[in-house]
Amino acid sequence: HPIYDEKARSQLDLAIYIDIVNDVKFAWKVQRDVEERGWTEEQVREDIEKRLPDFSQYVDPQKANADVVLRYEPSDQGLPFLKVKLIQKKDGKFPKMTLKKDLELSGSKPGATLKMYDDDWFGSAVTVVEMDGEIDMDNMEEQLKEIESNMEGLGAKKDGELTEAMVGLKSSPGSQNGTGLL
C-alpha cells in the first residue's frame, strides 16, 4: 500500500486510487463468489465484514493522498448501473482531463450523462469528471465519438484514438460505462 506510507508515497510519480463504494463492492463480490465459489450471500457478507477494520485503517485512508481517484458508486438509476467519477487534484501530477460541456446520451436504458464540476476531496481542490449510466451499445461508436470530441487533455496521438480503442474492446467488461471510459 504505497500511498499509505509517507516515505513510499514521496517516491511515487503518480498516486492512483480505485475507490469502490461498499454497495458496489458487495454487489460485485456477491455475484462473483456465489457464481464461482458457491458461497451464500451471508458468507460473502461475513467475509467482507471480517476485513473491514483493516480496510478502514490501512487501505481506505490512501484515497486522501492520491493524485487521482476513480470512484465507483451506484448509478442514480440504481445498481447494477454505475456512476464513475474521475477525481483529479487540481495541484496533482495527473494530466488534467476535462469536458467542454455536459452530455446526455440516450438510446438504450439507462442512457448516460457526463458532467464536470469542481469539488473538495479531503481538503484538496479537485476537478471531477463523472459518468452516470451506460452508453447505447447499438450506437457505441457514434456516442463515443461525441464523448471524445467533448474531452480535452486526453493526450491522444490522433483524433478518434479513444473511440477506436473502446470499440475494439466492445465485448470487454466496462466498455459500456465509465469503468472502461474514464
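Tutor: Begin with a definition: a residue is exposed when its relative accessible area is over 50%, buried when under 20%, and partly exposed in between. Keep in mind that the model is predicted.

Student: Is F122 buried or exposed?
Tutor: F122 sits in the loop between strand 6 (112-121) and strand 7 (124-133). The cut-off for exposed is over 50%. With a relative accessible area of 51%, F122 is therefore exposed.

Student: What phi does F122 have?
Tutor: Most residues other than glycine have a negative phi. F122 is not a glycine, yet its phi is positive, at about 50°.

Student: Which residue just after helix 2 has a positive phi?
Tutor: Helix 2 covers residues 22-37. Just after helix 2, a positive phi of about 75° is found at G38.

Student: How is helix 2 oriented relative to helix 3?
Tutor: The axes of helix 2 (residues 22-37) and helix 3 (residues 41-59) come within 10 Å and cross at roughly 130°. Roughly antiparallel would require an angle over 145 degrees, and roughly perpendicular one of 65 to 115. Helix 2 is therefore oblique to helix 3. As for hand, the crossing is right-handed.

Student: Which classes of residue make up the contact of helix 2 with helix 3?
Tutor: From helix 2 come K25, F26, K29, V30, D33 and V34, which meet E41, V44, R45, D47, I48 and F55 of helix 3. By class, no polar residues take part, and the contact has six nonpolar and six charged residues.

Student: What do the buried residues of helix 2 pack against?
Tutor: The buried residues in helix 2 are V24, F26, K29, V30 and D33. Their packing partners are strand 1 (16-20), helix 3, strand 2 (68-74) and strand 3 (82-89).

Student: How does T179 count by relative accessibility?
Tutor: T179 is placed in helix 6 (residues 178-181). Leaving aside residues up to four places away in sequence, T179 touches Y72, L82, V84 and G174. Buried would need a value under 20%. T179 has 24%, so T179 counts as partly exposed.

Student: Which side chain makes a polar contact with the side chain of T179?
Tutor: A polar contact needs a pair of N or O atoms within 3.5 Å. At 2.5 Å, the partner of the T179 side chain is the side chain of N177.

Note on methods. Residues are numbered from 1 along each chain as its sequence is written. This is a predicted model: local features need pLDDT of at least 70, side-chain atom pairs count only at pLDDT 80 or more; totals for chains, interfaces and linings use all residues. Side-chain values use heavy atoms; hydrogens and water are left out. Helices (H or I, at least four residues) and strands (E, at least two) are DSSP runs, numbered from the N terminus. Buried means under 20% relative accessible area, exposed over 50%, partly exposed in between (1.4 Å probe, protein chains only). Contact means heavy atoms within 4.5 Å. A polar contact is a pair of N or O atoms within 3.5 Å; within protein, one must be able to donate a hydrogen and the other to accept it, and residues adjacent in sequence count only if both atoms are side-chain atoms. Axes are lines fitted to C-alpha atoms, for helices over the stretch in contact, and angles run from 0 to 180 degrees between N-to-C directions. Angles under 35 degrees count as roughly parallel, over 145 as roughly antiparallel, 65 to 115 as roughly perpendicular and the rest as oblique. A crossing is left-handed if the near helix is turned anticlockwise from the far one by less than a right angle, and right-handed if clockwise. Ala, Val, Leu, Ile, Met, Phe, Trp, Tyr, Cys and Pro count as nonpolar, Asp, Glu, Lys and Arg as charged, and the others, Gly among them, as polar.
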